[in-house]
Amino acid sequence: MLTYNYYGHACFQLDDGKVKILVDPFLTGNPQASINPDDVEADYILVTHAHGDHVGDAYDILERTGATAVCIPEMTDFVGENIKAIGMNLGGTVKTEFGFVRMVPALHSSGVQGGIACGYVIGVGGKIIYYSGDTALFSDMKLIGERDKIDYAILPIGGHYTMDPVDAAKAVSFLDAANVIPLHYNTWDVIKQNAEDLLKLVEFAKVHIVKPGESLKLK
Ligand code: NI
Ligand code: MN
């Protein structure tokens, strides 16, 4: 059974019962943080880009846990020599002990010189999870949904820095995802949104509104 543990803003963990995949671990200074960075568990840490609200506590957690980092090669800020890292790039797929990780494009700035923001398609626990990272809507999301049958799309809806609920609903239809989980909203006033709007806008997928500190079994 695959579990989605949501820690607030854009930080979550996928747990297949054996391997824990932590994503965008911004906890220190995160008003929504539901777990202490000293307590969070990880075997892998996936980072979408180098903005502080995504890379966050990655370095400290990598050092403490011995987890493997997954990111673009330019994010050497936190990929020290003593840290295991899979540096990959857009379009690449890496097979892992839990399944696979594919790095896919995102439309966003990178937060690091020469870098680029990305999303991930993650094959784990018999499911395909797509996490877009921070992004605007783009029609090539259709290609992501054509390659893999997306069970769960995890998408930002806060607006201002990313898609809002209107564009996220369009993304769900481009992806042909069966389920959608919104995040990256209500952390600060500037990205205040009513997640219920997504329920009205999404036609064919099931919307799961998960609050910080809550978990969802991914069926
Ligand atoms: Ni960002
Ligand atoms: Mn962000």
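Q: Which residue bridges the nickel ion (ligand 1) and the manganese ion (ligand 2)?
A: In this predicted model, the two metal ions lie 3.3 Å apart.

Q: Which atoms coordinate the nickel ion (ligand 1), and at what distances?
A: Along the chain, the donors of the nickel ion (ligand 1) follow the spacing H-x1-H-x56-H-x25-D. They are His49 (NE2), His51 (ND1), His108 (NE2) and Asp134 (OD), sitting at 2.2 to 2.3 Å.

Q: What is the geometry at the site of the nickel ion (ligand 1)?
A: There are 4 donor atoms here, with angles of 89 to 175° among them. Tetrahedral would need all angles between 85 and 135 degrees, and the range at the nickel ion reaches 175°. The site of the nickel ion (ligand 1) ends up as irregular.

Q: How are the rings of Phe12 and Tyr131 arranged?
A: Going by the ring criteria, the count is 5 aromatic pairs. In the Phe12 and Tyr131 pair, the centres are 5.1 Å apart and the planes stand at 90°. Planes over 60 degrees apart put a pair in one class, so this pair is edge-to-face.

Q: How many residues apart in sequence are the parts that Phe12 and Tyr131 tie together?
A: Phe12 is in strand S2 (residues 11–15), while Tyr131 is in strand S10 (residues 127–131). Phe12 is buried at a relative accessible area of 0%, and Tyr131 is buried at 0% too. Since the two sit in those strands, the parts tied together are apart in sequence by 119 residues.

Q: What angle lies between the planes of Tyr44 and Phe98?
A: Tyr44 is in strand S4 (residues 44–46) and Phe98 in the loop between strand S7 (93–95) and strand S8 (99–105), so to speak distant parts of the chain, 54 residues apart. Both Tyr44 and Phe98 are buried. Their pair is edge-to-face, 5.0 Å centre to centre, and the angle between the planes is 80°.

Q: How many disulfides does the structure hold?
A: A disulfide needs sulfur atoms within 2.5 Å. The sulfur of Cys11 is 15 Å from the closest cysteine sulfur, in Cys118, too far for a bond. For Cys118, the closest cysteine sulfur is in Cys71, at 8.5 Å, again too far for a bond. The number of disulfides is 0.

Definitions and conventions:
Residues are numbered from 1 along each chain as its sequence is written. Chains are lettered from A and ligands numbered from 1 in the order in which they are written. This is a predicted model: local features need pLDDT of at least 70, side-chain atom pairs count only at pLDDT 80 or more; totals for chains, interfaces and linings use all residues. Side-chain values use heavy atoms; hydrogens and water are left out. Rings of Phe, Tyr and Trp (its six-membered ring) pair if their centres lie within 6.5 Å; planes under 30 degrees apart count as stacked, over 60 as edge-to-face and the rest as tilted. Helices (H or I, at least four residues) and strands (E, at least two) are DSSP runs, numbered from the N terminus. Buried means under 20% relative accessible area, exposed over 50%, partly exposed in between (1.4 Å probe, protein chains only). Donors are N, O and S atoms within 2.8 Å of the metal (3.2 Å for Na, K and Ca); water is not among the atoms, so sites may look incomplete. Four donors count as tetrahedral if all angles lie between 85 and 135 degrees; four count as square planar and six as octahedral if opposite donors are over 155 degrees apart and all others between 65 and 115; anything else is irregular.
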